[in-house]
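Hi,

Here is the structure I promised to pass on. Have a look at it first, and my notes follow below.

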Amino acid sequence: MEITSPNSLWKEYDVAALPLNISYLSEKCEDGACVKELYFDGYTTVDGRTRVFIKILENPEAKGVILYLPDVNGGGNDPLIKSLYDSGYTVAALDYLGATERTAHYTLYPKSLSQCNCRGLNEFTATDDTKAGPWYIWTCISRRAIKLLREKYEKNIFAVGVGLGGSTVYKLSVFDDGLIACATLLNIIPNVKGEGNALINYHASLDNSAYAPFCRVPFFMAVSSNDEDGSLDDMSELAENTNSLSLFRIVERAFSGGIKAVYGDVDKFFTAHANNAANFDFPEITASNSEGSLYFNINANEQALSTTAPPKLYVSFCIEEIPYRNWMNIPIISLGGGKFMSHINVCQNNKPINAFINTQNDDGITQSSALLSIMPKTLGVKARDGIAHRKIYDGSMGKDGWTSRDGGTVSLVKGPYDIDGVTCDTKSILTFKPGDPLFKVSADTLLQIMISGEPQLVCVTVSDKEHSYSSRVEIKNSDDWHKFSLAHINFKGDFGPLPDWSRIMTLEFYAEQKLVIGSVLWV
């Protein structure tokens, strides 16, 4: 098999070679939006045509049109579609996922392209025929969709993809099809397996890393620091190699659900590029050794920094499993001229330390540095002896160190007696601190928590990498703080009680009504 490249793969493809053959299915009003459903011809094979389904929410005052490709389980009431529509865009949701029993209309692939039906799939196999594989076909039909939108609307055209859909949007950025800018959210490096020439050819011609040097459309890439698939390191490396990357955002302490924090930034990014006013400068972070101690050195464009929101440095110590990294907000010192410095105490010099810097401009857009990963020992940095931190949290720490699995908003509030505590609007709140070596304790230690809120049972859960263990505590009245001391044996799971504290990585609280956490201590 001849090994191809992106250039040779697409050299003979003509997006306008065949007519679109548009068929309108319906036009209706949903929540004030004009919704049009239609089919068009995507890719033609010897055994038939791909009939591509697209649903368009027309905004009467649209400032642009967005082609949207969802993740593997896309469809239904997608909150991103609503966010983009509310921001003033016409949104065209492309169904590349194919066959489904959940909806009446979906993209119809010929039998020879049945592998393109991928709804709900997370793992794929490289095909012997590159042009019969889903990644090629999805890109073809997406390019045809852009052609359709350009002919139908006299507006700026953009593209947004989430997860698997983002992988195709990434490829769209290399073509001169008329896109103004692109954005991808979450991991866009698919899990593709195979062997021999099929896999080699996939990596040479369809893997996103092969497209990175050729990207030409301005690009916004956003990832979550603790995405469940552990993609942060790979995505940061891809971002560094992406030729047209304009904005990179690591959402700190976030699972995949936390990516909604950047929905508003997508609009700002597109607006800036549509108006030729984009100016997003990447901050840089490096590590150095000074007299055996570790220092982080930060460079940022002083003119691009917010006058009210200083840069924030996030550091995770000695945790290699990406979904469980405890991102601590580390104080930095301004040296003037957009330069900053931070001194880091190292408890283990033979385990990796990861760091990134987030800066914000006056428009509220956050720009992240690439991820820095270092082994302190290789720099000659010495480990500092010390004991575990006993205080996991109290109100003086603000909301730093907390997150939510579903992307809920964490905030600081006043509890009884005007004592500060942390809460979340989705009643589910989590910290990674118990998995941090700085907070490891012996088996006979008690976990002491102080909480307030509405009268209710609160589920307190600790998790290791494989299992969860829970205990329940009761808030009896809303006028006071309630203190509970829990031993590891108070936490029960499917395989019995928690054996000790040594392997736990997260501490999580679930409640049905308002819950405020005042303190969490090891005693």
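To start with a salt bridge: which residue does Arg325 form a salt bridge with? The partner is Asp233, and the closest N and O atoms are 2.9 Å apart. (A salt bridge here is a side-chain nitrogen of Lys or Arg within 4 Å of a carboxyl oxygen of Asp or Glu.) Arg325 sits in the loop between strand S14 (312–317) and strand S15 (328–330), while Asp233 belongs to helix H7 (residues 232–241), so the pair ties together parts that are 92 residues apart in sequence. Arg325 is buried at 3% relative accessibility, whereas Asp233 is partly exposed at 27%. "Buried" means under 20% relative accessible area, "exposed" over 50%, and "partly exposed" in between (1.4 Å probe, protein chains only). Helices (H or I, at least four residues) and strands (E, at least two) are DSSP runs, numbered from the N terminus.

Before the rest, a word on what you are looking at. This is a predicted model, so local features need pLDDT of at least 70 and side-chain atom pairs count only at pLDDT 80 or more, while totals for chains, interfaces and linings use all residues. Residues are numbered from 1 along each chain as its sequence is written, and side-chain values use heavy atoms, with hydrogens and water left out.

More on the salt bridges

The count comes to 18 salt bridges. One of them joins the side chains of Lys36 and Glu58, at 3.2 Å from N to O. Lys36 is in strand S2 (residues 33–45) and Glu58 in strand S3 (residues 48–58), so this pair ties together parts that are 22 residues apart in sequence. Lys36 is buried, with a relative accessible area of 13%, and Glu58 is buried too, at 17%.

Lys28 also has a salt bridge, to Glu30, with the closest N and O atoms 3.5 Å apart. Here Lys28 is partly exposed at 37%, and Glu30 is partly exposed at 31%. Lys28, Glu30 and Lys55 are linked in a network of salt bridges.

The cavities

There are three cavities of 30 Å³ or more. For these, a 1 Å grid was laid over the protein atoms alone: a cavity is a set of points where a 1.4 Å probe fits but cannot get out, and lining residues have an atom within 4 Å of a point. Volume is the space filled by probe spheres set on the points, which are joined across faces, edges and corners.

The largest cavity holds about 100 Å³ of space. It has 15 lining residues, and the closest to its centre are Asp281, Ala304, Thr359, Asn361 and Gln367. By class, that lining has eight nonpolar, six polar and one charged residues. (Ala, Val, Leu, Ile, Met, Phe, Trp, Tyr, Cys and Pro count as nonpolar, Asp, Glu, Lys and Arg as charged, and the others, Gly among them, as polar.)

The second largest cavity has a volume of about 60 Å³. Its lining includes Thr125, Trp135, Val192 and Tyr202, and helix H3 (134–152) and helix H5 (196–205) each supply at least two of the lining residues. Seven of the residues there are nonpolar, four are polar and none is charged.

A sheet to look at

An open sheet of four strands runs in the order S12-S13-S17-S16, with antiparallel pairing. Two strands pair if DSSP finds at least two bridges between them. Strand S12 (284–290) and strand S16 (333–336) are the edges, each pairing on one side only. Three bridges join S16 to strand S17 (residues 339–344), and Ser334 has Phe340 in S17 as its bridge partner.

Cheers

Technical notes. 1 Å grid on protein atoms, 1.4 Å probe; cavity = no way out; pocket = protein on both sides within 12 Å on 5 of 7 lines; lining within 4 Å.
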